[in-house]
Amino acid sequence: MNYTEKVMDHFLHPRNVGKIDNPNAVAEVGNAQCGDIIKLFLRINPEGIIEDISFETFGCGAAIATSSMTTEMVKGKHIDEALLVTRDVVAEELGGLPASKMHCSNLASEALHKAIHEYKAKYNLH
C-alpha cells in the first residue's frame, strides 16, 4: 500500500495525541469492520473557537494520520468552520489515501462532527 509522505509523517509523528485538560466536547466513533476507534477531545471557548483538540486512536496508520491531520486543520477555528472539514478534505490535505483506507479519514471527521454537534446541543447553540 502506497502512502504519501504527509500521511507517513502524521503517522510516525502524530500531533495532538492524548487527552487534554478540561475538554468540553468529547466524541468517540468506530468502524466495526476494521476495528478502528477514534476519540476526540475538544476545548471550545465561549466564542465557539476550538482552543485545543487532541485524540486517541486505536487503529491503522491511516487512522492515526487522519486523526492527527484533522486536529491540525481545526485547531484555532470556529466550530462552524470546523464542520466544513469532511473526509475528502482531510484526505486531500494528506495528499490522498488509498481507496481502501478512505473509511479512516471518515472516522476522524465523523468524530469531529459528533463532538461539535454534542457541544452545540449541550449549550443550546442550534
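How does the radius of gyration of the chain compare with that of a compact globule of 126 residues? The globule would have a radius near 14 Å, and the chain has 14 Å, which agrees. This radius is taken over C-alpha atoms, and the globule rule is 2.2 Å times the number of residues to the power 0.38.

The structure is a predicted model, in which local features need pLDDT of at least 70 and side-chain atom pairs count only at pLDDT 80 or more, while totals for chains, interfaces and linings use all residues. Residues are numbered from 1 along each chain as its sequence is written, and side-chain values use heavy atoms, without hydrogens and water.

View 1. Helices (H or I, at least four residues) and strands (E, at least two) are DSSP runs, numbered from the N terminus. Along the sequence the pattern reads α-β-β-β-α-α-α-α. The C-alpha atoms fill a box of roughly 45 × 25 × 25 Å along the principal axes. Of the 126 residues, 46% are buried; buried means under 20% relative accessible area, exposed over 50%, and partly exposed in between (1.4 Å probe, protein chains only).

**View 2. Three strands form an open sheet in the order S1-S2-S3.** Their pairing is antiparallel. Strands S1 (25–30) and S3 are the edge strands, each pairing on one side only. From one strand to the next, the twist averages 15°. Two strands count as paired if DSSP finds at least two bridges between them. Axes are lines fitted to C-alpha atoms, for helices over the stretch in contact; angles run from 0 to 180 degrees between N-to-C directions.

**View 3. S2 and S3 make a hairpin.** Five residues separate the two strands. In the turn, Gly48 has a positive phi of about 90°. Strand S2 (residues 37–44) pairs with S3 in the antiparallel sense over eight bridges. Lys39 has Glu56 in S3 as its bridge partner. Phe41 stands opposite Ser54, also in S3.

**View 4. Helix H2 lies across S2 and S3.** The helix spans residues 61–74. H2 runs at about 175° to S3.

**View 5. Asp52 sits in strand S3.** The strand covers residues 50–58. Asp52 counts as buried because its relative accessibility is 18%. Leaving out residues up to four places away in sequence, Asp52 touches Ile20, Phe41, Leu42, Arg43 and Lys75. Contact here means heavy atoms within 4.5 Å.
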